[in-house]
Amino acid sequence: MAILLHFKYLRFFLLSVTLSCTQQLLAQETNKVYDLPLEQLVNYEVVSASRFKQKSSEAPSAVEVLTAENIRSYGWRTLADALNSIRGLYIRNDRNYSYLGNRGLSRAGDYNSRVLIMIDGRRMNETIFDSGFIGEEFMLDMNLIERIEYVPGSGSSVYGANALLGVVNVITKRGRDIDGVRLSGEVGSLDTYRARATFGKQWKNGAELLLNGSHFTSHGNDKLFFPEYSSINGGIAQDKDQERSDRAFGKLSYGDLTLRGGYVSRYKSIPTSSYDALFNEKNYSVDSQGYLDLDYLTQIDTNLGLEVRGFHHWYDYYSLGPYDSGDPRIESFEGSDARWWGGEVKLTGTQFDHHKWITGLEAQYDQRQHYILYDINSSDPSYNRGNDGWRVGLYAQDEFRITRSLLLNAGLRLDHHHLINSLQLNPRIGLIWDITPAFTAKLLYGSAFRAPNLYEHDLNRPSAKLPQEELIKSYEAVAEWYPGGGVKLLGTLFYNNISKVLIADPTTNNTINGGKFQTLGFELGAEKLWDNGRQLKLTWTHNNTRDVSANSGSWASDSPKNMVKAHYAEPLFYNKLSLGFEEIFVDERLTSNNNIAPSYHLFNINLALTKPLYGFQASLGVYNVLDQHFKIVAGPNLTQDTLAMDGRTARFRLEYGF
């Protein structure tokens, strides 16, 4: 049966690629909307894989890039929407946060701590839960994003902790990209609204400024049915799905200096009775995060570049929920606050023939890491934990062109982290061979680590052994073919061995290094860009992720074995409009209770006015067109085994620029 399923996916994929190549021969477009040649648009210039600019074909990873044009064409509303379009990634939402699964690994209860989320190369994972926010709690509005670079695989040799499964770097636009004032408003299903104002400008002296502020509010579903609570209000959570967020972001550049800063505050009502809270009662969480970053980037001479930066971040969180309806009523308060600051010095050099190297020192002081949990009617906190300490990383990397067709990329990083006992040394090596000018093969190896976060480290019983770092060793082979005419074909074969995974001891509930997972899989991808902006993109990811913690080798929970994704964007009326189609198939998944969450299709359509009409731009998106209330795997904090997602929704956006 498995062989027949694999044949079905392969037949669909190969048929789609054949149609793409056929259309390539028939296309006779002359109206170009891109300034760059098509080959450069499929072989992007990226910065996240090696911390310096290089073609994606030369990067030691199978880098995936999403552009501002993609965001507009497909109408992605959040970073989670955009990441859900990438091969190997999948999203689940427990009606509080959005979670990212990666090549078959999705640990319930993990707040994206195994993926490093960055803005302009700056770490955004906070220091209490190591959360990497990707939903409405993410700091940026989508209109500010120039591109998103996703680097799959181990990234600790470059970025240190949390880059266990991959790196997501969100690169913001510049003031000149806005060039004026833009006011926008959105209205959508479920009483959803957003208002946004953006200003951007570059002056003659080179100074450049970008400012953005927005407010989002959504009433959410009036009624959500949870059969597990059918004895309470008929299982209906009434008006318990509200969400609000406020954002601000700014970037000021002058000469070699750039100052960045951002802030987001998000409120979310929780309808799921999380952590056994009373059902259909007021239960909510609030997350606030902000940062400031000052960067100095200059060329000392033609062969040596210097970057020096300093930063300060803060994060605050609290949630409130009732847990006992007795007299007096008991409400539980959970809260945390964190402050951290630090800096980095990096050198980039090309003094030696055929070499491009970087070396740097990165230091971060976790000045305050505080977590508290208590019952409001009780005078003694259940938990009141605090910590502080240094994270220091020293890294070096060299790109050595052995011959015109053979490239060696090797890197090494040494990390000290105050929440683990030992130093961490993580290498990465990539051998990149241009077999022909259009065909590139890569062999990649890397290791990475994740330190326990404060919640995992400090909430164990005093007599328990302190948890230590998670480890991964990843191996990957990549083939990329650029035959011309805007076509890119991709194939990868990957193996991940993840050990010492942090899990909850079922007997004591302490956090222990008791998990181990192994993943073997492959990816196939095809992309075609036409001169007029038309795009067709197809990907298929297959993986077999096994939980080998108890030598059973059982299928890991929340691990779809197949994901097939198709994207098609068609320019209309001489590129005045763009019509985008997105189809995402996610295979069935095993739940925490060893049940099956069925496979599902997610089909979205977006129509966008791409050229301003009297200063106005607009878009209309219809999401989950097939109105499937598909089910995602619930986390360990929920009574439910699966959660049904929203059906068909729509969003209309109108923007005016001057």
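**Entry 1: surface and overall form**

I looked up the accessible surface of the chain first. It comes to about 27500 Å². Carbon and sulfur atoms hold 58% of that surface. I note here that the model is a predicted one.

Next I checked how much of the chain is covered. Of the 658 residues, 56% are buried.

Along the principal axes, the C-alpha atoms fill a box of roughly 75 × 60 × 55 Å.

I also looked at contacts between residues at least 6 apart in sequence. Among these, 62% join residues at least 24 apart.

Last in this entry, I looked up the secondary structure. The chain has 7 helices and 38 strands.

I picked β5, residues 98–102. How many of its residues are buried? I found 5 of 5, which leaves the strand mostly covered. I then sorted the residues by direction. S98, L100 and N102 point one way. Y99 and G101 point the other way. Both sets are buried.

I moved to the partner strand. β4 spans residues 89–93 and pairs with β5 in the antiparallel sense over 5 bridges. I traced one of these pairs: I91 has L100 in β5 as its bridge partner. The hairpin of β4 and β5 has 4 residues between the strands. There I noted R95, which takes a positive phi near 65 degrees.

**Entry 3**

β10 (residues 180–188) pairs with β11 (residues 192–202) over 9 bridges, in the antiparallel sense. G188 has T192 in β11 as its bridge partner. The two strands form a hairpin with 3 residues between them.

I stopped at L190, in the loop between β10 and β11. Its phi is near 60 degrees, a positive value in a residue other than glycine. Is L190 buried, exposed or partly exposed? I read a relative accessible area of 29%, so L190 is partly exposed.

I carried on to β12, residues 208–218. β11 and β12 are antiparallel and pair over 11 bridges. Here K201 has L209 in β12 as its bridge partner. This hairpin has 5 residues between the strands, and G206 takes a positive phi near 95 degrees.

**Entry 2: Y574**

I looked up another residue with a positive phi. Y574 is not a glycine, yet its phi is about 55 degrees. I placed Y574 in the loop between β30 (562–572) and β31 (577–586). Its relative accessibility is 69%, so Y574 counts as exposed.

**Entry 3: R309**

I ended with an arginine in strand β18, which runs over residues 304–324. Why does R309 count as buried? Its relative accessibility is 8%, and buried means under 20%, so R309 falls on the buried side.

Which side chains does the R309 side chain join by polar contacts? I found D293 at 2.9 Å. I found E344 at 2.9 Å as well.

I then listed its contacts, leaving aside neighbours within four places in sequence. R309 touches R122, D293, L294 and D295, along with G342, G343, E344 and E362.

Note on methods
Residues are numbered from 1 along each chain as its sequence is written. This is a predicted model: local features need pLDDT of at least 70, side-chain atom pairs count only at pLDDT 80 or more; totals for chains, interfaces and linings use all residues. Side-chain values use heavy atoms; hydrogens and water are left out. Buried means under 20% relative accessible area, exposed over 50%, partly exposed in between (1.4 Å probe, protein chains only). A polar contact is a pair of N or O atoms within 3.5 Å; within protein, one must be able to donate a hydrogen and the other to accept it, and residues adjacent in sequence count only if both atoms are side-chain atoms. Contact means heavy atoms within 4.5 Å. Two strands pair if DSSP finds at least two bridges between them. Accessible areas come from the Shrake-Rupley method with a 1.4 Å probe; for residues, only the protein chains shown count as cover.
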